[in-house]
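User: Could you walk me through this structure? I would like to start with the overall layout and then get down to individual side chains.

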Amino acid sequence: MTASSENRKFTRIKSGASIKHVKFYLGGRESEAIKSLSKNLSAGGILFDSSKSYQAGDIVRLEIDLPGWEKFKPEFYKPHLSKSDPVIALVKVIRAVPLKGGVYEIGASFVGIDDGHQMALAKYIKCFTT
Amino acid sequence: MQPIQSNEFEIVEFFLANEYYGIHVASVREIIRGNCSLVPVPDAPAVIMGVVNLRGKIIPVVDLAEHMHINAQQKDRAKRIIIAEFNKMTVGFCVSGVTRVHRLSRQQMESSDGLIQTKNAYTVGIIKIEERILFLLDFEKIASDIINQAKIS
């Protein structure tokens, strides 16, 4: 993973993390989540490829598998007890760019993420930038 | 504190504008500040202010004043959010403030049946504490009605 900060609020890293995403609806009307890989990641947003397109403004439920991120969670960390759960966040789609082969590049920002988890994500990302 | 007796129950007292309500302690998972980041959900019923992500769990948050038709100032509607859990359903209720926990005996609760002006169909009992009248509401029914409404919409 390599870092890029440019003029952004959060540092980005290139990341090929496994993710699952699905358009968010209330009341369990969500369809089955789609698996794909992230392209880059920051504590403020994510870029990923998707076989499904989204509209700008769509709210998407995202699960990101980031092994080891749980060490930075605010609760007391115990290696043998703490589970490596995925990061779960709601993101707002900023753009969806069609690529070749029916794939879309989705840029999205985190709008619904637990404050403690966002801080943990920022610390996790910082490990790859120093 | 003494263990709870079989004829006793505990409630969390809260208020909305100048009206007082109670919710069973057993249903309350936690109480959070109202200034947390709520994500508005498109096509949700008007009484749902949005959803909040609490440690990875996405929880719908209900504007209780709107649902109960209580004329509360916008700034007083969501100073606290009571996160309640019922039978695999977790819902947040926006309230003006949380007062305290009371341990009560069942004899203190009056049925709402005889009242001409019940708050609405969700009232399951009325309790007088000091000079205040508390309405005990069926929050599970409120939550399931709203979530069902969300499914339909």
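**Layout and contacts**

Analyst: Bear in mind that this is a predicted model. Read from the N terminus, chain B has its elements in the order β-β-β-β-β-α-β-β-β-β-β-β-α, which comes to two helices and eleven strands.

User: And what order do the elements of chain A follow?

Analyst: Chain A runs β-β-β-β-β-β-β-β-α from its N terminus, with one helix and eight strands in total.

User: Back to chain B, what radius of gyration does it have, and what would a compact globule have?

Analyst: For 153 residues a compact globule would have a radius of gyration near 15 Å, and chain B agrees with that because its own value is 15 Å. Along the principal axes, the C-alpha trace of chain B spans about 45 × 35 × 30 Å.

User: How much of chain B counts as buried, and how much of chain A?

Analyst: In chain B, 49% of the 153 residues count as buried, while in chain A buried residues make up 42% of 130.

User: What about the accessible surface of chain B and of chain A?

Analyst: Chain B has an accessible surface of about 8100 Å², with 47% of that area belonging to carbon and sulfur atoms. For chain A the accessible surface is about 7100 Å², and carbon and sulfur atoms hold 52% of it.

User: Which share of the contacts joins residues at least 24 apart, chain by chain?

Analyst: If we consider contacts between residues at least 6 apart in sequence, the share joining residues at least 24 apart is 58% in chain B and 60% in chain A.

User: Switching to charges, how many positive and negative side chains does chain B have?

Analyst: Chain B carries 17 positive and 17 negative side chains, and the centres of these two sets lie 5 Å apart.

User: Now the rings. How many aromatic pairs are there over all chains?

Analyst: Over all chains the structure holds seven aromatic pairs. One of them joins B:F15 and B:Y20, whose ring centres are 5.9 Å apart with 50° between the planes, a tilted arrangement.

User: Why is the pair of B:F93 and B:F139 called edge-to-face?

Analyst: The ring centres of B:F93 and B:F139 are 5.0 Å apart and their planes stand at 70°, so the pair is edge-to-face. The two residues are 46 apart and link distant parts of the chain, with B:F93 in strand β7 (residues 89-95) and B:F139 in helix α2 (residues 139-152), both of chain B. B:F93 and B:F139 are both buried.

User: Which residues form the aromatic cluster in chain B?

Analyst: One aromatic cluster is made up of B:F14, B:Y21, B:F93, B:F135 and B:F139, so the edge-to-face pair of B:F93 and B:F139 belongs to that cluster.

Terms used: Residues numbered from 1 in each chain as written. Chains lettered and ligands numbered in written order. Predicted model: local features only at pLDDT ≥ 70, side-chain atom pairs only at ≥ 80, totals over all residues. Heavy atoms only, no water. Helix = DSSP H or I, 4+ residues; strand = E, 2+ residues; numbered from the N terminus. Rg over C-alpha atoms; globule rule 2.2 N^0.38 Å. Buried < 20%, exposed > 50% of the residue type's maximum accessible area, 1.4 Å probe, protein only. Contact = heavy atoms within 4.5 Å. Areas by Shrake-Rupley, 256 points an atom, 1.4 Å probe, with all protein chains shown as cover. Lys, Arg positive; Asp, Glu negative; His and termini not counted. Charge placed at Lys NZ, Arg CZ, Asp CG, Glu CD. Phe/Tyr/Trp six-rings, centres within 6.5 Å; stacked < 30°, edge-to-face > 60°.
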